[in-house]
Amino acid sequence: MGLNDQGGLPVHAGAGAPQGGIFSGAPSFLTTRVDAVVNWARENSLWPMPFGTACCAIEMMATAATRYDLARFGMERMSFSPRQADLLICAGRVTYKMAPVIRRIWEQMPEPKWAISMGACASSGGVFDVYSMVQGIDTIIPVDVYVPGCPPRPEGLMYGILLVQEKIRNSQPTSRREWKAADALPEGGSVLPDEVVDHLTAPFGNSTRQNRPSGLVSTGAVVRASDRRP
Amino acid sequence: MANDSFKKGLEGLDAGAAGSPQEEPGVPPQAGELPAHPSIEALREEFGDAVLRHEVVAGDEHIVYVPPQRARDVLAWLKDAPGHQYDFLQDLTAIDWGNGRSIQVVYQLWSTRSKLNLRVKVELPLDSLEIDTVYYLWRAADWLEREVFDMFGVVFTGHPDLRRILMPYNYAEGHPLRKDFPLRGRFSRAEQTRRSLSMQTEDHYSPRELEIAHVLGQTLPTPFDEAGSADQQGQFGGMGGAG
């Protein structure tokens, strides 16, 4: 058993296979696991769907350009159609007005699919802890890898992509169980429970700390006790 | 020569800021010292008491305050009166000064004919945020008035398509640029997320915004129908938003 150069595909050469390889015309064969072959193919031909909304998108473009050359990792083709993409790269801030759009794009992408949340704004709302901004796209879609930075350098995004590839490498595509959780996005709701959304996106006591006046909260919204004005 | 200037620069460095020649502290120019704005007197003659106040800020920025009931007449006159002809609405915005004070609607005008700037302000008390639209004077007011409506809640009566432009159509937390608006909004994040994900965006884009208005043969509201500019609208992509 040996590992080839393409990221850990375990390969058994057939017993008694003659020297010269599969192109020599001589009968020869390889044995491996289906999971390994499928993962090897998937991880090395990801088609990213770029969802660039802000300055992170500039770094994403730089990553795809000649100096950093995303094509080295099998991402020859940036897919501007979600139906031919399997890796969503959300680069930049997402507003609540944009949230249904990114949810729709995610739903249009065929399985299997992965998502990278690139930068502070996509991951947590960043400095935009305001009325109009989604506080982390993991409340909208399931995220596989978060890339920190404001914006992250191309190396950072590439490391995130390598982590996605590692995740793919360690997955079991022949097991149906792995994809069931991803299939079940709640209709018109967050992927997280309300309490978790509120908890994750609660103010952290920074300079913009602001108490939400409890009298103005309507529609039965969940407000943490610490957010209520005394 | 080059050496001299280099030496001079070094000396200046040594002397520091104190060595540089002190300028006399600037005296803000008074309105009376500048050439009078030709439109102000003309407005006073034409409208009399409707010119509530006249201010000059930042040297030569002239501001005229008019009551909301007369605003449309004053602006229409400014647009068409010979010698003034403010044919370009540079900006239409609003200011909320907070503490229950009136919201100011600001019209920033520019005349390409007489090369004049003029700012017209209208003060609207918080309990009657209503003013006539200037959509039919300057088409530029279309989206600007929608923005002021969205952000401040000022209702522009007569606007053909007054709806939110920046915030989502199902936004129910008020008008975000008002001073009494909490920074993070009024609902919890969970509720905000739920509302945004329940939007059906397709239902709320007009055909005109989808750039197929000219295909459908849609026409603009009066008086632009009569001017025959409906074709022109299609030529520019039909993004007028007046569906």
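**Entry 1, ground rules.** I noted that this is a predicted model, in which local features need a pLDDT of at least 70, side-chain atom pairs count only at pLDDT 80 or more, and totals for chains, interfaces and linings use all residues. Residues are numbered from 1 along each chain as its sequence is written, while chains are lettered from A and ligands numbered from 1 in the order in which they are written.

I looked up the predictor's scores for the complex and found an ipTM of 0.70 and a pTM of 0.71.

I traced an open sheet of five strands in chain B, in the order E1-E2-E5-E4-E3 and with mixed pairing. Helices (H or I, at least four residues) and strands (E, at least two) are DSSP runs, numbered from the N terminus, and two strands pair if DSSP finds at least two bridges between them. At the edges stand E1 (53-57) and E3 (88-96) of chain B, each with a single partner strand, so one side of each has no neighbour in the sheet. Neighbouring strands here are turned by 25° against each other on average, direction ignored.

I then checked two of the pairings. E2 (residues 61-66) and E5 (residues 116-124) of chain B run parallel and are joined by four bridges, with Val64(B) partnered by Val120(B) in E5(B). E4(B) and E5(B) run antiparallel and are joined by nine bridges, and Val105(B) has Val122(B) in E5(B) as its bridge partner. These two strands, E4(B) and E5(B), form a hairpin with four residues between them, and Lys115(B) in the turn has a positive phi of about 55°.

**Entry 4, the sheet of chain A.** In chain A I found four strands in an open sheet with parallel pairing, in the order E4-E5-E6-E7. Its edge strands are E4 (48-52) and E7 (145-147) of chain A, each with a single partner strand, so one side of each is left without a neighbour in the sheet. Five bridges join E4(A) to E5 (residues 87-91) of chain A, and Pro48(A) has Leu87(A) as its bridge partner in E5(A).

What angle do H1 and H5 of chain A make where they pack? H1 (residues 34-43) and H5 (residues 154-169) of chain A pack at about 160°, with their axes 9 Å apart; axes are lines fitted to C-alpha atoms, for helices over the stretch in contact, and angles run from 0 to 180 degrees between N-to-C directions. H1(A) and H5(A) are therefore roughly antiparallel, a term for angles over 145 degrees. Asn39(A), Arg42(A) and Glu43(A) in H1(A) meet Gln165(A), Ile168(A) and Arg169(A) in H5(A).

Notes
Angles under 35 degrees count as roughly parallel, over 145 as roughly antiparallel, 65 to 115 as roughly perpendicular and the rest as oblique. Two residues are in contact if their C-beta atoms, placed from the backbone, lie within 7 Å.
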